[in-house]
Amino acid sequence: MRSVEEQQARVAAAAVAPRPVRVAIAESQGLMCAEEVVTERPMPGFDQAAIDGYAVRSVDVLGVGSDSEDGGEISLPVMGVIQAGARTPSRLQPRQAARVQTGAPMPTLADAVLPLRWTDGGENRVRVLRGVRSGAYVRRTGDDVQPGDVAVRAGTIIGPAQVGLLAAVGRDKVLVHPRPRLSVMCVGGELVDVSRTPGTGQVYDVNSYALAAAGRDAGAEVNRVGIISTDPGELRETVEGQVNRNEIVVIAGAVGGAAAESVRTVLSELGDMEVARIAMHPGSVQGFGQLGRDRVPVFLLPANPVSALVVFEIMVRPLIRLSLGKRQPMRRIVQARTLSPITSMPGRKGYLRGQLMRDQDTGEYLVQALGGAPGASTHLLATLAEANCLVIVPADVEEVRTGETVDVAFLAQRG
């Protein structure tokens with residue numbers, strides 16, 4: 001039986017990031033930047049008022065409002081109003097002021113902005129109640145970015161701030177590592193789509209919907225194929241088509257029984273495919289291979305929805321994250337104290353559902369297991385929906401007592 005770590009290493013070795021593509025900055029959020037975005041112009045591109053007020057020469061209002069004998073009030077003529085976006089150059093004469101809006105270009109000779117609260121707000125003449133130093137409330141040319149500065153570095157995950165910065169430096173497109181394309185499909189004569197009413201012996205196709213959602217959560221561009229035929233000719237045509245247009249393919253319901261054997265036979269004609277027992281539970285029996293001319297990673301997952309989701313989380317999700325260029329493809333791990341005993345399967349690493357909490361007084365993490373015993377409870381999809389973490393139990397541990405410390409992997413936060 002192969003260890004979880006050995007299987008994860010085999011999967012990770014197959015990771016191939018899609019070639020970088022240039023996309024509109026509005027479509028780049030959440031993707032990794034694949035280039036050094038170098039600024040060509042200063043930002044801001046001109047001296048501008050940082051607040052609403054009056055542009056002045058600081059020397060003309062020096063000492064106003066101070067405690068010195070000559071620190072009384074003065075008034076200055078207002079030569080006009082300069083609005084944000086004004087394109088006509090203006091020049092300030094000595095002992096003049098100009099009313100300016102936030103973002104307005106500063107007139108020549110002005111080196112400071114008087115806040116409105118330090119004046120009487122006059123239109124033709126303004127009474128100055130307090131002076132300002134040179135450079136006060138002015139955004140100088142290039143204060144944010146100088147030409148040649150790197151605005152967004154390669155390897156940076158593009159978030160709202162990076163999108164804003166790209167726009168600020170005049171970039172409408174950026175080179176990114178695109179989302180890997182993931183195809184999800186299911187096999188099983190008992191399956192019907194949720195749009196139909198299941199008959200005797202039939203069940204809804206849960207896996208293609210759940211696994212597609214898990215793929216999108218991991219960052220992939222997902223194509224949910226749904227239920228596919230097990231007829232050898234049709235199966236080969238479908239899988240071959242998906243392998244040729246995707247970076248990752250997931251097939252659920254193809255690891256056990258006679259039907260699964262025929263599926264594996266067809267897949268083996270397309271490349272290397274291995275079904276093995278992995279020392280984990282749930283989801284011990286699983287398949288992995290590389291098919292087609294490009295040796296695309298293909299996963300065979302159990303039919304059981306809980307087992308399929310756990311195997312996806314442990315094996316498929318890290319591959320998606322690696323393909324996105326993430327340096328840390330695994331979930332964050334914290335240590336938590338158990339609130340109830342947990343039973344695990346001997347010889348297999350357990351990934352058991354749990355609810356993670358935090359003690360408000362001590363900050364300590366606490367975890368409540370949800371159906372920790374192996375056996376019948378592992379199929380309950382409802383408890384997985386209630387879980388916000390997976391409790392990780394080492395392969396050599398059969399029982400965790402109440403109050404003991406365990407490793408816990410965060411799952412996606414629910415809104």
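How many bridges join strand E6 to E7, and in which sense do these strands run? Three bridges join E6 (residues 74-82) to E7, and the two strands run parallel, where strands are DSSP runs of at least two residues (E) and helices are runs of at least four (H or I), numbered from the N terminus, and where two strands pair if DSSP finds at least two bridges between them.

The model is predicted, so that local features need pLDDT of at least 70 and side-chain atom pairs count only at pLDDT 80 or more, while totals for chains, interfaces and linings use all residues. Residues are numbered from 1 along each chain as its sequence is written, and side-chain values use heavy atoms, with hydrogens and water left out.

Several features of the backbone lie in the loops. The peptide bond from Met 43 to Pro 44 is cis, with omega near -5°, and Pro 44 is found in the loop between strands E3 (37-38) and E4 (48-49). A cis peptide bond also joins His 281 and Pro 282, with omega about -5°, and Pro 282 lies between strands E19 (280-281) and E20 (285-291). Leu 109, in the loop between E7 and strand E8 (112-115), has a positive phi near 80° although it is a residue other than glycine; its relative accessible area of 40% makes Leu 109 partly exposed, a class that lies between buried (under 20%) and exposed (over 50%), with a 1.4 Å probe and protein chains only. Arg 295 likewise has a positive phi, of about 50°, and lies in the loop between E20 and E21.

The second largest pocket is lined by 18 residues, of which Val 16, Asn 246, Glu 247, Asp 294 and Val 296 lie nearest its centre. Helix H4 (232-245), strand E21 (296-301) and helix H6 (305-323) are the elements that give two or more residues to this lining, and H4 gives the most, with three. A pocket is an open set of points on a 1 Å grid over the protein atoms alone where a 1.4 Å probe fits, with protein on both sides within 12 Å along at least five of seven lines, and lining residues have an atom within 4 Å of a point.
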